[in-house]
Amino acid sequence: MGILFKQRIAPTTGTTAAVNTSKDDILMIVDISATIAALTIPLPTTPVDGQLFGITTRSIITALTLSLGGIPMSGAITTLAAGGVAWWIYDSTSNRWFRYH
């Protein structure tokens with residue numbers, strides 16, 4: 001694990017988050033005060049082996065879409081509860097994101 005980069009966003013429903021993909025390990029903090037119906041979050045498209053990507057939110061995201069840029073994912077989620085958190089780690093040998101929390 002490298003240095004964890006914290007990125008805070010306050011999206012409205014139906015938007016696509018802009019992720020800072022120049023950082024190795026990213027925690028996306030979705031800082032919303034009320035439930036949003038839909039949000040798309042793109043994961044880094046050129047991850048490095050062992051790279052971490054996490055999402056946390058203080059309110060419900062009803063429909064969460066993870067845009068994977070063609071990289072497979074094990075353990076994808078489609079919603080996130082208030083206070084929820086999900087983490088993935090990238091494995092270059094299998095070219096896949098794996099959920100680990």
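This is a predicted model: local features need pLDDT of at least 70, side-chain atom pairs count only at pLDDT 80 or more; totals for chains, interfaces and linings use all residues.
Local features were considered at pLDDT of at least 70 and side-chain atom pairs only at pLDDT 80 or more, whereas totals for chains, interfaces and linings use all residues. Residues are numbered from 1 along each chain as its sequence is written, and side-chain values use heavy atoms, with hydrogens and water left out.

The protein contains nine strands and zero helices, where strands (E, at least two residues) and helices (H or I, at least four) are DSSP runs numbered from the N terminus. The radius of gyration, 13 Å, is close to the 13 Å given by the globule rule for 101 residues, so the protein is as compact as a globular protein of that length; the radius is taken over C-alpha atoms, and the rule is 2.2 Å times the number of residues to the power 0.38. Along the principal axes, the C-alpha trace spans about 40 × 25 × 20 Å.

Of the 101 residues, 38% are buried (under 20% relative accessible area, with a 1.4 Å probe and protein chains only). Among contacts with a separation of 6 or more, 54% join residues 24 or more positions apart, a contact being heavy atoms within 4.5 Å.

Six strands form an open sheet of mixed pairing in the order 1-3-5-8-9-7, two strands being paired if DSSP finds at least two bridges between them. Strand 1 (4-9) and strand 7 (73-74) are the edge strands, each pairing on one side only. Strand 7 runs parallel to strand 9 (residues 96-99), with two bridges between them, and Met-73 has Trp-97 of strand 9 as its bridge partner.

Definitions and conventions
Buried means under 20% relative accessible area, exposed over 50%, partly exposed in between (1.4 Å probe, protein chains only).
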